[in-house]
Amino acid sequence: MKSLIRFRGGVKLPGFKSLSTKSPIQKTPLPSRLILPLRQHIGESANPVVEIGDYVYKGQIIADSNSFVSAPIHASSSGKIINIGPYTIPHQSGIAETCIVIETDGKDQWHPNIKQCDVPGSLSADQIRKKIKQAGIVGLGGAVFPSSAKLKPTREIDTLIINGVECEPYITCDDALMRTKADEIIHGILLLRRVLNPIECVIAIENNKPEAIKAVRSTLARFKEENIGSVNTIRVVPVPTIFPAGGEKQLIKQICNKEVPQHGLPYEVGVVCLNVGTTAAIYDCIYQGRPLVSRLVTITGEAVNHPANYQVLIGTPVEDVLAAAGGVQASKVDFIMGGPMMGQVLPDTGVPVVKATNCLLVKTPEKSKKQPVQLPCIRCGACANACPMQLLPQQLYWHARGKHFEKLNHYNLTDCIECGCCSVVCPSKIPLVHYFRFAKTEMREHEVKSKFADQSRLRMLARDARLERIKKEQEERKARRKAEREKKKAANQKQKQISESPKASSG
Ligand code: SF4
Ligand code: SF4
């Protein structure tokens, strides 16, 4: 058995995991309306295939796309389409994007075509891929990359990694899933193995989840005993509890000792990495015929009355989910989608749960806490040692403050995964990651502005060239007309001379 390789950087953080793991998984009630954004994944947005007033069944496609990197959106429950228009999405900018809104009819009725598959074992790799694409399955660990696009690598795959690390504090939905649905996860892995044909498969689980490790290992042993698929090449690997051990690049380094190239994808080093939740969703899609219409969400934080993991219909407004969790105790709180390190503060609780929502964390706002005094950088290098992407945060900080965009590119700001490890270890209490988030936004704006300026310059040059050409053509026309006039005049004069000559008179 290969030993684990320690990735560079990372920090140890308090977990706060037991807050949400004490209670069993619960289900949130059917909301009166569902808000479904057309873009809940990386890649091209889906386009509506329904109209206002249409009746839709649960699981029916309501927005679709032909693009390779995209995913369709399905109705999470039955009801009537009451609007297609801009709604605030769960992003801290408070931006609005096109959503389809369903008024639910309380029946929660599946589409009649959605049936269990009697012969999942006889499906070809292409048929499995196609079903996964149609089911709208995306990476449920938060990356939301369309899974079907990951399952068509252009080179052979050595290792399939199933990511059950879940290293960010407070989040426990993957832990809860592994404890309760290990069967579905293993069935999902067997399907993925038929598609990718890897040499081995590793289920990586952080070593602070002993119950999940035990549940998955005992399920594997049962599969082996009962001869349910060949599980000999599937192994469970506990990984050390260190943040961000579950980052795709960090996990590949630990398990395979391979470096994914800058701006590259894992398949380029012969690895495909999928989250445990995604694997269970693949089981649901192939065995039960069900598209991705709900997901497990950790509702947690000291201010939530009943923190636990909840099965939530995608599109359910956050306020309905929080009400199902017994409401919130304090009035001054931040609602964060994701964890405390990489999550986003929500603009309000009217926004819906989307495919990326693994956690809703309710916390006392950072700004209302007493902020530590920020001191000057002492160049201690602690931030560089903690950076899992091997960046130089102190240099990035310097250039982010000075808005030196070229230098920020030179120091690879775009590689920053915004994990916040550098901020955690900085003895001067500099909120480095905030500077990097802000600098990234500014860089994007700067790029858009310079692109716009370039386009304006090109348009101006084209306009000048057009005016010059018109002027030249006008002058040429004028010169041609003048030459014609002179030619005509000369011809007339010649004619006149001929007619007035003595020879012509005598003739
Ligand atoms: S950890 Fe803080 S003080 Fe130390 S080099 Fe980095 S930014 Fe400067
Ligand atoms: S936030 Fe960015 S710079 Fe800081 S440790 Fe994480 S990846 Fe490195």
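Colleague: Is Asn227 buried or exposed?

Modeller: Asn227 counts as exposed, because its relative accessibility is 67%; buried means under 20% relative accessible area, exposed over 50% and partly exposed in between, with a 1.4 Å probe and protein chains only. This is a predicted model, in which local features need pLDDT of at least 70, side-chain atom pairs count only at pLDDT 80 or more, and totals for chains, interfaces and linings use all residues. Residues are numbered from 1 along each chain as its sequence is written, chains are lettered from A and ligands numbered from 1 in the order in which they are written, and side-chain values use heavy atoms, with hydrogens and water left out.

Colleague: Where does Asn227 lie?

Modeller: Asn227 is in the loop between helix H6 (210-225) and E11; helices (H or I, at least four residues) and strands (E, at least two) are DSSP runs, numbered from the N terminus. Asn227 is not a glycine, and its phi is positive, near 55°.

Colleague: What is the phi of His263, and where is that residue?

Modeller: The phi of His263 is near 60°, again a positive value in a residue other than glycine. His263 sits in the loop between H7 and strand E12 (271-275), and its relative accessibility is 64%.

Colleague: Changing topic, which residues does a cis peptide bond join?

Modeller: Phe243 and Pro244 are joined by that bond, with omega about 0°. Pro244 belongs to the loop between strand E11 (234-239) and helix H7 (248-256).

Colleague: And which residues surround ligand 1?

Modeller: Among them are Cys377, Cys380, Cys383, Cys426 and Arg379.

Terms used
Near = heavy atom within 4 Å.
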